[in-house]
Amino acid sequence: FAPSFLGTKLSSGLSQSASTTCLEMKYTLVLVRHGESTWNDENRFTGWYDCPLSEKGLKEANDGANLLKEAGYTFDVAYTSTLQRAIKTLWIILEEMHLMYIPIVNTWRLNERHYGGLTGLNKQETVDKHGKDQVLVWRRSYDIPPPDCDDSSEYYPANDPMYANVSKEDLPKSESLKLTEERFMVEWDANLVPLIKSGKKVIIAAHGNTLRALVKHLDGISKDDITGLNIPTGVPLVYELDDDMNPIAQEGAIAPLTGKYLGDLDKVRERIGAVAAQTK
Ligand SMILES: O=C(O)[C@@H](CO)OP(=O)(O)O
């Protein structure tokens with residue numbers, strides 16, 4: 001691994017040895033939300049429901065892979081959730097980039113925020129029934145979770161063999177962004193930060209709300225401002241991090257993010273707007 005350096009920051013008053021201690025490491029971290037899923041296409045609250053990518057989502061994953069390839073990125077380790085839409089997006093990217101040999105870590109801690117009792121419902125019909133403001137609170141407020149799903153619900157992860165190895169107390173019946181952030185951060189602090197700091201180039205293929213939780217943390221976005229932030233499907237988002245895992249602002253970043261999306265930024269903005277417009 002050959003780390004890249006931000007520069008020596010040599011100032012005239014510093015001795016040679018003091019200047020050496022001013023070297024800063026720069027780590028690249030790439031985030032990508034999965035391509036459009038069948039339930040995104042049907043405009044249904046999805047959360048932990050394990051639907052596949054739509055045809056459009058498969059193409060978005062391919063386009064994302066090409067952007068990464070063209071820009072010369074490469075990876076040593078990949079992280080993703082246990083949900084097929086994120087896994088498949090990652091597989092497509094790794095296949096296109098000839099990186100299918102790298103280790104992939106699948107963890108439920110990167111799963112989408114659990115949509116509780118809203119799972120499966122049509123987003124626009126939910127607006128018609130409960131009003132736009134209430135649905136916006138459920139979709140985008142920081143600490144108010146949607147209503148719980150029932151114990152007997154097929155959407156309660158404790159009823160899904162996929163989570164048989166996860167302690168029942170960890171399995172949600174519904175999650176706010178705050179709860180999502182808390183369980184994601186366990187993985188971030190314990191495994192991802194040490195991995196990135198060891199010099200491994202990491203790609204994370206995850207979900208709209210888990211990535212909102214991560215960029216909120218990285219960019220120090222307030223709980224008010226995070227309500228207005230939407231992440232488009234299939235577009236790689238590149239962060240450069242310093243030694244303390246603080247992001248270094250990238251040219252072309254779309255505020256409040258300091259990481260930059262790859263590709264045509266007007267199209268990215270349009271796609272961000274389309275996510276927000278799923279409930280009108
Ligand atoms: O339904 C979901 O799980 C998420 C992401 O697709 O939707 P939203 O953008 O409404 O949080």
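User: Pro 256 lies in a loop; between which strands is that loop?
Analyst: Pro 256 is in the loop between β6 (237-241) and β7 (260-261). Helices (H or I, at least four residues) and strands (E, at least two) are DSSP runs, numbered from the N terminus. This is a predicted model, in which local features need pLDDT of at least 70 and side-chain atom pairs count only at pLDDT 80 or more, while totals for chains, interfaces and linings use all residues. Residues are numbered from 1 along each chain as its sequence is written, and side-chain values use heavy atoms, with hydrogens and water left out.

User: Which kind of peptide bond joins Ala 255 and Pro 256?
Analyst: Most peptide bonds are trans, and most residues other than glycine have a negative phi. The bond between Ala 255 and Pro 256 is cis, with omega at about 5°.

User: What is phi of Asn 43, and what is phi of Met 245?
Analyst: Asn 43, which is not a glycine, has a positive phi near 60°. Met 245 is not a glycine either, and its phi is positive at about 65°. Asn 43 is in the loop between α2 and α3, and Met 245 is in the loop between β6 and β7.

User: Does Met 245 count as buried or exposed?
Analyst: Buried means under 20% relative accessible area, exposed over 50%, and partly exposed in between (1.4 Å probe, protein chains only). Met 245 has 8% relative accessibility, so it counts as buried. Asn 43, at 17%, also counts as buried.

User: Which residues does Ser 174 touch, not counting those up to four places away in sequence?
Analyst: Contact means heavy atoms within 4.5 Å. With that exclusion, Ser 174 touches His 114, Gly 116, Pro 145, Pro 146, Pro 147, Asp 148 and Leu 179. Ser 174 sits in the loop between α6 (132-140) and α7 (177-197) and is buried, with a relative accessible area of 8%.

User: How many Å lie between the backbone oxygen of Pro 146 and a polar atom of the side chain of Ser 174?
Analyst: A polar contact is a pair of N or O atoms within 3.5 Å; within protein, one must be able to donate a hydrogen and the other to accept it, and residues adjacent in sequence count only if both atoms are side-chain atoms. For the Pro 146 oxygen and the Ser 174 side chain, the distance is 2.6 Å.

User: Which residues come nearest to the ligand?
Analyst: A residue is near a molecule or strand if one of its heavy atoms lies within 4 Å of it. Of the 13 residues around the ligand, Thr 46, Gly 47, Tyr 115, Arg 139 and Arg 140 come nearest. A polar side-chain atom of Arg 139 is 2.6 Å from a ligand oxygen, and one of Arg 140 is 2.7 Å from a ligand oxygen. Gly 47 has a backbone N or O atom 2.7 Å from an oxygen atom of the ligand.

User: What residues line the largest pocket?
Analyst: On a 1 Å grid over the protein atoms alone, a cavity is a set of points where a 1.4 Å probe fits but cannot get out, and a pocket is an open set with protein on both sides within 12 Å along at least five of seven lines; lining residues have an atom within 4 Å of a point. Among those lining the largest pocket are Arg 33, Glu 36, Lys 56, Glu 60 and Arg 271. α9 gives the most to this lining, with three residues.
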